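Here is a short report on strand pairing and nonpolar cores. Please keep the model open while reading.

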Amino acid sequence: MGEESSMDEDIIEQQIDEILKALQETSGKDVGRDVLDKELRKFLEYGVPFEHAKQTLIKKFGGGAVKLTAPSERMLIVDLKPSQQSVHVLSRIISVNPREIQVKGETRKIFYGILGDESGTIQFTAWKDFELEKGTVVDITNAYTKEWQGSLKVNFGDRTRITMVDASELPEMNLEPRAYKVNELRGGLSAVEVTARILETQDREVDISGQKKKVFSGILGDETGKAQFTAWHDFKLKEGAVVKITGGYVKSWKGIPQFTFDEKATVEKLDANTIAKKDVKTQKILLSELVERNGALDVEVEGTVIEIQKGSGLVQRCPQCNRVLQMGSCTVHGTVEGKTDLRMKLVIDDGAGSVSAILGKELTEKLLGKTLPPSDDMIEEMNSILFGHRISLQGNALGDEYGITLIARDAKRADFNVAAEAERLSSELEEFS
């Protein structure tokens, strides 16, 4: 793998944005991103520093001089804003976790977690292994910020320098635990207190630095919604128990909150009637609220079908992981003999927001009211049956930079029946008379 493949793609993207902005401000010239991308990578391959390469390209394409970024002073997390570069923070690593992602067909290991200083907390992504350890205090320079999924995050790339320092250099966080309802949980929150019913729980062993550790996870909820949880200590949590958990923090995956707590947290078991089982149910929310939250666990939404998207109809799935095959190949298991399936990808709108949804074979046929025979015009027929009709969907809503996608587990028609409603109102009036 060459030097180019190890470059931080987000940094390159931000550098190109800065070059384009500088050219527009100083010369008014419109240069294509693809041209700048090619030129910038050429400089970087020869080891030219980012700032020098940026200045050279601005000058080459007719722009004026732009002041180079000076070494930055330490900033408090609470003062960070989107799209800042040369960020300098002194923080404690509250959590850090590895993740493997695919970049240009190659597997790459990144790290994500939460930083905290005396002013607050923020999520981070490290695009290489800086050997970060939970609980340590580090001095971070040349990081950069980016807004993603509605949340501000700090990123560590090739230019970032991270030095471990003595814990006494960082003032203590004086954050009093604050009580939140489950639907208020958002990635980046710390010192969180939640009172909820344990709906599901399971445990598994994970490998941390060569040591086996048991981690407990599941789903909790209250009368406002549901969220995933992870406990790094055995608090003897049982399904059906109602507990008050104080001292946790919140991560987020595709907009779904993940409440995390360890041995530093306190867990108080409450009377099971504090939150009745019947009160913890699928929450019906407006599409505008779902868009604002950028994801949610187990919700019901309603809207009008405004589009049946490309990719609907017959698909081939991997027999091992159920992923949809592309050109007969699975992104994980390679070339396999696929199994035929039916799905529908649609967009619903309620006038204030719109989301995409994916429905499997059973739900697709349920909404269509019939089984569609295989044909080249399946999308057109789906449109002719469903376009303009109001439907209700239940499932998990995942958010990313492209918007919200609801993975439906149930679906039904929700068209307003004028005749039935008139009859109901007439009946009520007669009773009132």
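Two strands count as paired if DSSP finds at least two bridges between them. Helices (H or I, at least four residues) and strands (E, at least two) are DSSP runs, numbered from the N terminus. This is a predicted model: local features need pLDDT of at least 70, side-chain atom pairs count only at pLDDT 80 or more, and totals for chains, interfaces and linings use all residues. Residues are numbered from 1 along each chain as its sequence is written, and side-chain values use heavy atoms, with hydrogens and water left out.

**Strand pairing**

Strand β11 covers residues 242-253. Its two antiparallel pairings are tabulated here.

β11 and β12 form a hairpin with 2 residues between them. In the turn, Lys254 has a positive phi of about 50°.

**Nonpolar cores**

A nonpolar core is a set of buried Ala, Val, Leu, Ile, Met, Phe, Trp, Tyr and Cys residues joined through side-chain atoms within 4.5 Å. Buried means under 20% relative accessible area (1.4 Å probe, protein chains only).

The largest nonpolar core has 30 residues. Leu346, Ile348, Leu359 and Leu393 have the most contacts inside it. Elements giving two or more residues to this core include α4 (287-293), β19 (339-349) and β21 (390-400). β15 gives the largest share, 5 residues.

Ile348 touches Leu287, Val301, Val305, Ile391 and Leu393, among others (heavy atoms within 4.5 Å), not counting residues up to four places away in sequence.

Note on methods
Buried means under 20% relative accessible area, exposed over 50%, partly exposed in between (1.4 Å probe, protein chains only).
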